[in-house]
Amino acid sequence: MKKEKQLNPDEFERRKIIAANIEALLEKNNVKKNVLAKHIGLVPSTITDYVKLRATPSHGVIQKIADYFDIPKTEIDTTFKTDDSQSPISLSESILLKHFNTLNDKGKEKTIEYAKDLSINPMYQQNDVPLLNAAHANPNATKEDMQHDDDIMDDENF
């Protein structure tokens, strides 16, 4: 029995992205694994291995799958760079895109609107800035902001 190579976290994340995207393509296009396998020259169990995270398709197989569905290979393996300015996207971004691409224009607009609302809420922002800052800690604070904070801190009734 062949011993499976241990994957590092990045390789395993890539495998999960590819598996999720292949599975989504099969479902979206109502294609069975054995039909895809036959068209790209593989046995059906190999496609199952990809989807069940037991194997990662080669770049050539990814290209064959992309050709079969008439899509760019970046829709299967999002870690492919399309140009030097783009970096690979994460699994969560891939999942978000998968669902986003199933929406009609109205649904896409609502999703964008909701994402904008979430992004301005400090509770959901991805940064190291504390939720409550005195004006002194804010690099954009004016002298008036700082004086206002000082006045509040000096107020015995506060």
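Mentor: Happy to! Helices (H or I, at least four residues) and strands (E, at least two) are DSSP runs, numbered from the N terminus. This is a predicted model, where local features need pLDDT of at least 70, side-chain atom pairs count only at pLDDT 80 or more, and totals for chains, interfaces and linings use all residues. Residues are numbered from 1 along each chain as its sequence is written, and side-chain values use heavy atoms, with hydrogens and water left out.

Trainee: Great. Where is aspartate 70, then?

Mentor: Aspartate 70 sits in the loop between α4 and α5. Its phi is positive, about 55°, although aspartate 70 is not a glycine.

Trainee: What about aspartate 77? Which loop is that one in?

Mentor: Aspartate 77 is in the loop between α4 (59-69) and α5 (91-100). Aspartate 77 counts as buried because its relative accessibility is 0%.

Trainee: What does the side chain of aspartate 77 pair with?

Mentor: The side chain of arginine 14, through a polar contact of 2.7 Å. A polar contact is a pair of N or O atoms within 3.5 Å; within protein, one must be able to donate a hydrogen and the other to accept it, and residues adjacent in sequence count only if both atoms are side-chain atoms.

Trainee: Which residues does aspartate 77 touch?

Mentor: Leaving out residues up to four places away in sequence, aspartate 77 touches Arg14, Ile18 and Ile62. Contact here means heavy atoms within 4.5 Å.

Trainee: Switching to α1: how many residues does it have?

Mentor: α1 has 20 residues and reaches 28 Å from its first C-alpha to its last, close to the 28 Å expected at 1.5 Å a residue. That expected span is 1.5 Å times one less than the number of residues. Among the buried residues of α1 are Arg15, Ile18 and Leu25.

Trainee: And alanine 20, which helix is that in?

Mentor: Alanine 20 is in helix α1 (residues 9-28). Alanine 20 is partly exposed, with a relative accessible area of 23%.

Trainee: What follows α1?

Mentor: Asparagine 30, whose phi is positive, near 50°. Asparagine 30 is in the loop between α1 and α2 (33-40), and is exposed, with a relative accessible area of 69%.

How values were computed:
Buried < 20%, exposed > 50% of the residue type's maximum accessible area, 1.4 Å probe, protein only.
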